[in-house]
Amino acid sequence: MRNLAAQVATPPTHRNKPAESLLRQAGRHRGSILAFVLVLGAVAISVLPYLWMVSSSLRTMTNMFSIPIQWIPHPVNWQSYVLAWHAQDFPRYFFNSGVVAVAITLGNLLLCSLAGYSLAKFRYFGRGLLFILILSTMMLPLEVTMVPLFLIIKRLDWVNSYQGLIVPFLVDGFGVFLMRQFMLGIPKDLIDSARIDGASEFRIFWQIVLPLCKPALVALGVFTFREAWDMYIWPLIIVSKDSLRTLPLAISLFMSSYGTAWDQLMAIAVLGTLPMILLFFFLQRAFIQGIAVTGLKE
Amino acid sequence: MSSAVHAEPMMLKRRLHMGTAAKQAAFGYAILLPTLAILFIFRFLPMLEAFVIAFSKFDLIHPAHFVGFANFVDLVRDPLFRNSARISLIYVVFSVLPVWPLSLGLAVLFNRSLFLKNVLRSAVFMPVVMPAVVMAVVWTFMYQQDGVINTALGWFGIDPIPWLRSSSTALPAVILIGIWRATPYYMVIFLAGLQAIPTEYYEAAEIDGASRWSMFRDITLPLLKPTTLLVMVMTVIVAMKVFAVPMIMTGGGPSDSTRVLPLFIYQTAFEFFDMGRAAAMSVFLFVAVMLFSVAQIRIFTQAED
């Protein structure tokens with residue numbers, strides 16, 4: 001079965017096209033219409049919750065569950081956004097989430113590329129073992145280590161602090177792996193000739209290696225930012241102070257206290273999604289690339 | 001004499017070279033150090049400590065004391081834990097199995113020429129863009145008794161389903177969201193895998209008169225094997241870690257029907273302050289995560305020959 005790929009790779013000598021071609025064309029036409037319909041179905045399933053979220057955020061509570069369904073709100077209830085925004089300190093929560101996500105992203109960009117560069121381009125004792133150790137951290141998710149990690153943060157007196165939210169996630173085993181794989185492709189000659197020219201090691205990294213890694217960095221950056229913006233379990237564990245709440249934490253608490261004010265809940269949901277939507281629109285390629293490369297092991 | 005004259009610059013050169021090699025190695029270590037420090041303190045140390053705590057009684061207030069295997073013995077006997085492990089298993093199986101064919105199917109559809117392809121692909125990708133917590137809030141709203149999903153079901157004459165309020169439908173409701181979120185994610189990975197397959201194979205097969213199905217079976221699937229394996233492992237591991245959605249939507253209820261393992265670990269540790277038992281569960285989850293990835297890779301490599 002596997003040989004077929006090899007078989008078909010060698011072009012056949014004869015072609016017997018004409019007899020089949022009309023039938024085939026008709027079949028293909030039907031096929032592409034079917035494909036289009038299937039894709040449209042998938043689009044609907046993917047997008048409708050978004051539309052419903054936006055529509056509901058602008059509907060008045062009296063029309064919230066009205067039948068027939070009111071897709072286009074009438075009257076439009078802009079008030080829900082104002083009320084929700086002021087119901088709790090949401091500007092603060094946005095700020096917190098922004099600080100945490102940006103810091104984690106910058107940290108990963110720097111540390112993952114430094115570590116990746118080290119593992120890809122330097123020879124030293126224990127390199128292979130260190131690489132495997134770093135990779136193996138991918139098997140230690142937060143869901144497994146949350147209890148002792150919390151105890152460590154407690155001992156450091158980092159509960160309810162930005163450093164407690166940020167520092168444990170400044171670098172990631174997968175990110176290191178990703179940067180290493182990318183840097184393996186950078187020619188050694190380039191680095192060596194810079195050395196002969198007398199450039200310092202750090203300058204070589206900063207001015208020659210890093211600019212060449214831009215595609216990998218953008219993908220890693222977007223991927224990391226998305227994960228950091230999404231982070232829920234960790235703030236839930238170490239943040240009890242209102243002033244340090246991140247947005248996901250605040251949204252979930254908002255739901256438990258304003259459970260039936262659906263217009264306001266949907267308004268906050270829209271606002272909380274907005275940064276991701278913007279990121280997706282402006283960095284769409286990198287966004288998708290960031291996901292695609294997670295399938296790039298080996 | 002003359003050999004000494006020759007040897008001197010040679011040695012000098014070698015010493016110089018050794019010097020730079022050592023310097024370079026030092027730089028290599030130095031730039032790896034921050035990563036090693038962070039990963040050691042915040043990944044390995046906790047894992048090691050998890051094993052220690054798992055053998056202790058510890059409530060955060062009184063000092064921990066060693067209790068041997070008591071936590072593990074209690075766990076095995078505890079119907080709540082067994083239930084939680086069962087819920088996690090059901091969640092993993094039913095949230096993962098549909099994702100494989102769905103994401104591969106979508107990827108195949110998007111790998112052909114299609115009207116408005118790029119726009120449609122971005123649209124399909126949207127569930128990945130939505131933050132997990134927002135997703136939980138929006139779907140909770142849609143799952144309400146008089147919510148939009150029940151209204152839509154009504155069009156087909158289906159009676160309203162109590163979704164999150166009934167112990168028989170809450171888990172399927174949570175699973176459905178997992179599928180909604182995961183499918184476009186893995187579609188992207190499959191698509192990358194598909195695009196790596198040289199088109200010549202298909203062109204040649206077409207000339208040979210191969211049907212679309214046989215091309216898919218005999219070219220696409222075999223060449224996509226590494227991607228498929230990876231998607232299988234990733235989906236299972238991600239599903240084992242599910243937390244935010246059940247935590248926010250149901251808190252584990254009704255009557256424990258959505259209390260997946262990570263949720264139970266969290267509640268045992270931070271609501272009941274039984275750190276020892278929570279750590280013992282963590283060890284269990286850790287072993288499960290490892291077993292699954294190893295087992296799946298095994299099964300797959302055996303199927304190859």
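Figure 1. For chain B the mean pLDDT is 87, with 89% of the residues reaching 70 or more. Over residues 1-5 of chain B the pLDDT is below 50, and this stretch has zero contacts in the model beyond near neighbours in sequence. Where pLDDT is low, the predicted coordinates should not be read in detail. For the complex, the predictor gives an ipTM of 0.85 and a pTM of 0.87.

**Figure 2. The contact between chain A and chain B.** In this view, 80 residues of chain A are in contact with 82 residues of chain B.

Figure 3. Chain A contains 15 helices and zero strands, and of its 298 residues 42% count as buried. Among the contacts in chain A with a separation of 6 or more, 77% are between residues 24 or more positions apart. The domain assignment divides chain A into domain 1, residues 19-79, and domain 2, residues 82-295. The centres of domain 1 and domain 2 of chain A, taken over C-alpha atoms, are separated by 33 Å. Eleven residues from domain 1 of chain A and eight residues from domain 2 of chain A take part in the contact between them. On the side of domain 1 of chain A that touches domain 2 of chain A, the largest share, four residues, comes from α2(A). By class, this side of domain 1 of chain A has five nonpolar, five polar and one charged residues.

Figure 4. Helix α10 of chain A covers residues 201-212, and its twelve residues, at 1.5 Å a residue, should span 16 Å, which agrees with the 16 Å between its end C-alpha atoms. The residues A:I204, A:F205 and A:V209 are buried in α10(A). These three lie on the same side of α10(A), because they cover an arc of only 95° around the axis. An α-helix has 3.6 residues a turn, so residues three or four places apart point the same way. On the other side of α10(A), the residues A:R203, A:Q207 and A:P211 are exposed. The elements that cover the buried residues of α10(A) include α4 (90-121), α8 (173-184) and α9 (188-196) of chain A.

**Figure 5. Helix α10 of chain B.** This helix of chain B takes in residues 212-223, twelve residues that at 1.5 Å a residue should span 16 Å, and the 15 Å between its end C-alpha atoms agrees with that expectation. Its buried residues are B:D218, B:I219 and B:T220. They cover an arc of only 160° around the axis, and therefore they sit on the same side of α10(B).

**Figure 6. A:F95 in helix α4 of chain A.** The residue A:F95 belongs to helix α4 of chain A. With 13 other C-beta atoms within 10 Å, A:F95 is partly exposed, a class that lies between exposed, at 12 or fewer such atoms, and buried, at 20 or more. Although A:F95 and A:L244 are 149 residues apart along the chain, their C-alpha atoms are separated by 9.5 Å.

**Figure 7. Two loop residues of chain B with positive phi.** Most residues other than glycine have a negative phi, and most peptide bonds are trans. B:L60, in the loop between β1 (56-57) and β2 (65-66) of chain B, has a phi near 80°, a positive value in a residue other than glycine. B:F273, in the loop between α13 (261-270) and α14 (275-304) of chain B, likewise has a positive phi, near 55°, and is not glycine either. B:L60 is partly exposed, with 13 other C-beta atoms within 10 Å, and B:F273 is also partly exposed, with 13 other C-beta atoms within 10 Å.

Definitions and conventions
Residues numbered from 1 in each chain as written. Chains lettered and ligands numbered in written order. Predicted model: local features only at pLDDT ≥ 70, side-chain atom pairs only at ≥ 80, totals over all residues. Contact = placed C-beta atoms within 7 Å. Domains from an automatic or database assignment. Nonpolar A, V, L, I, M, F, W, Y, C, P; charged D, E, K, R; others polar. pLDDT = per-residue confidence, 0-100. Expected span 1.5 Å × (residues − 1). Arc of directions from axis to C-beta.
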